[in-house]
Amino acid sequence: AVMHIQEWLALNPDIHYWLLGWGTNDALQMVSPSTFHNNMQSLVDQIKTAGHVPVLARIPAMRLAGSRGIQVDTEVRALNAQIDLLTQSNHLIPGPDLYALTSGHLDTYLGGDGIHPNHVGSAAMNNAWYLAMRDALEAGVQ
């Protein structure tokens, strides 16, 4: 995303709120929390510099078996801590907590690969985004 954000900003000058759901692939690839933080901070800075508003969602839980599942869940939690830090330090609108949303509903919300949402999970995640943005907009947060 860091390599393409300027292109995306140029192609979409009318998008005010940039809703970012990044991190699942980073967690699967075991990207270090500091590298993830730096990449996300770069995205936030570039989006804000262009006059737009970034909003970060917490990474959803995944349903992976065995020690790999434990390892990935630990990584997701570490990256979500970075998302929380970025949201706080940059005074961003809090995005949806997709980890809390999915962690109690892994079989209901995730498809057969244990990573991607099924149609029920997609609807739940879209609703979570709606609720997060509705609350912010009703509160007058810009």
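Visitor: Which strands does helix α4 lie across, and at what angle does the helix run to β2?

Guide: Keep in mind that this is a predicted model. Helix α4 covers residues 66-89 and lies across β2 and β3. Its angle to β2 is about 150°.

Visitor: What order do the strands of the open sheet take, and which ones are the edge strands?

Guide: Three strands make up the open sheet, with parallel pairing, and the order is β1-β2-β3. An edge strand here pairs on one side only. That gives β1 (17-20) and β3 (94-97).

Visitor: Which strands does helix α3 touch?

Guide: α3 spans residues 33-49 and packs on the sheet. Its direction makes about 150° with that of β2. The strands it touches are β1 and β2.

Visitor: Moving to the largest pocket, which element gives the most to its lining?

Guide: The pocket has a volume of about 340 Å³ and is lined by 18 residues, with G21, T24, P60, P117 and M125 nearest its centre. Elements giving two or more residues to that lining are α2 (24-28), β2 (53-58) and α7 (119-138). With four residues, the top contributor is α7.

Visitor: How many of those lining residues are nonpolar?

Guide: Set aside the seven polar and two charged residues of the lining. The nonpolar ones number nine.

Methods
Residues are numbered from 1 along each chain as its sequence is written. This is a predicted model: local features need pLDDT of at least 70, side-chain atom pairs count only at pLDDT 80 or more; totals for chains, interfaces and linings use all residues. Side-chain values use heavy atoms; hydrogens and water are left out. On a 1 Å grid over the protein atoms alone, a cavity is a set of points where a 1.4 Å probe fits but cannot get out, and a pocket is an open set with protein on both sides within 12 Å along at least five of seven lines; lining residues have an atom within 4 Å of a point. Grid points are joined across faces, edges and corners, and a volume is the space filled by probe spheres set on the points. Ala, Val, Leu, Ile, Met, Phe, Trp, Tyr, Cys and Pro count as nonpolar, Asp, Glu, Lys and Arg as charged, and the others, Gly among them, as polar. Two strands pair if DSSP finds at least two bridges between them. Contact means heavy atoms within 4.5 Å. Axes are lines fitted to C-alpha atoms, for helices over the stretch in contact, and angles run from 0 to 180 degrees between N-to-C directions.
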